[in-house]
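User: I would like to go through this model with you. Could we start with pockets and then turn to aromatic contacts?

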Amino acid sequence: LYVLDSDLEIIGSVEDIAPGERIYSARFVGDKAYMVTFRQVDPLYVIDLSDAEKPEILGYLKVTGFSNYLHPIGDNLLLGIGHEASEQGRSQGLKISLFDVSDFENPKEIDKYVVESDWSYSEAEYEHKAVLFDDKRDLLVIPVTYSQQLGQKWESWQGAFAFTVTDIDVSLKGKIAHDIKNENKGMDYYYGNNYGYVSRSLFMDDVLYTISNRMIKANAVSD
């Protein structure tokens, strides 16, 4: 991590943070930076940038999986959207992590939700505009696509997941489907064209709208 001045000269740096690993995400909040690297487990680093010439790592947390996107909630919480992984580093289902970063030297993963499927994905991992978070409603909405093998057939699902996020946990509130099953094929007829992939979601009053190439859905937030 490098700090540059107004002339783009390097005035401070933190090097050799995680040799042999890749940086998967980074987020700057005030004078702190949060960085996720991954190879087999997911270190979440907290980096102090208050002294531009002497940035330093304050603490880190190692958990399984990794976060491709980080979203701050107030001063003490951080949401991570990525994937769970085995102890050997094999990527598994889509994962929503809730981190407590109130103690910079000892960040904690206080809860998580994992989409249990053979394959799952969210555009929110790579496109921040696909993330809808409302702190007043304690609500997180992200696109989700997953598939799983049932006997000799594969079942796919496309739509959005709505999560309730509090200061202590993250839980699934509901699913909004945008796919259409075809009885003859046993899966979404338009799956290959991504018609059911939700790309954006938004609120108007107490109605949640989710948008894909196939449709716009309106759902009451109250239930």
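User: Which strand gives the most to the lining of the largest pocket?
Analyst: Strand 15 does, with four residues. This is a predicted model, where local features need pLDDT of at least 70, side-chain atom pairs count only at pLDDT 80 or more, and totals for chains, interfaces and linings use all residues. Residues are numbered from 1 along each chain as its sequence is written, and side-chain values use heavy atoms, with hydrogens and water left out. Strands are DSSP runs (E, at least two residues) numbered from the N terminus. A pocket is an open set of points on a 1 Å grid over the protein atoms alone, with protein on both sides within 12 Å along at least five of seven lines; lining residues have an atom within 4 Å of a point.

User: Which residues are in that lining?
Analyst: Among them are Leu139, Lys173, Ile176 and Asp223.

User: Now the rings. How are the planes of Phe38 and Phe66 set?
Analyst: They are at 50°, with the ring centres 4.7 Å apart, so the pair is tilted. Rings pair if their centres lie within 6.5 Å; planes under 30 degrees apart count as stacked, over 60 as edge-to-face and the rest as tilted.

User: Is Phe38 buried or exposed?
Analyst: Phe38 is buried, at 7% relative accessibility; buried means under 20%, exposed over 50% and partly exposed in between (1.4 Å probe, protein chains only). Phe66 is likewise buried, at 8%.

Methods: 1 Å grid on protein atoms, 1.4 Å probe; cavity = no way out; pocket = protein on both sides within 12 Å on 5 of 7 lines; lining within 4 Å. Phe/Tyr/Trp six-rings, centres within 6.5 Å; stacked < 30°, edge-to-face > 60°.
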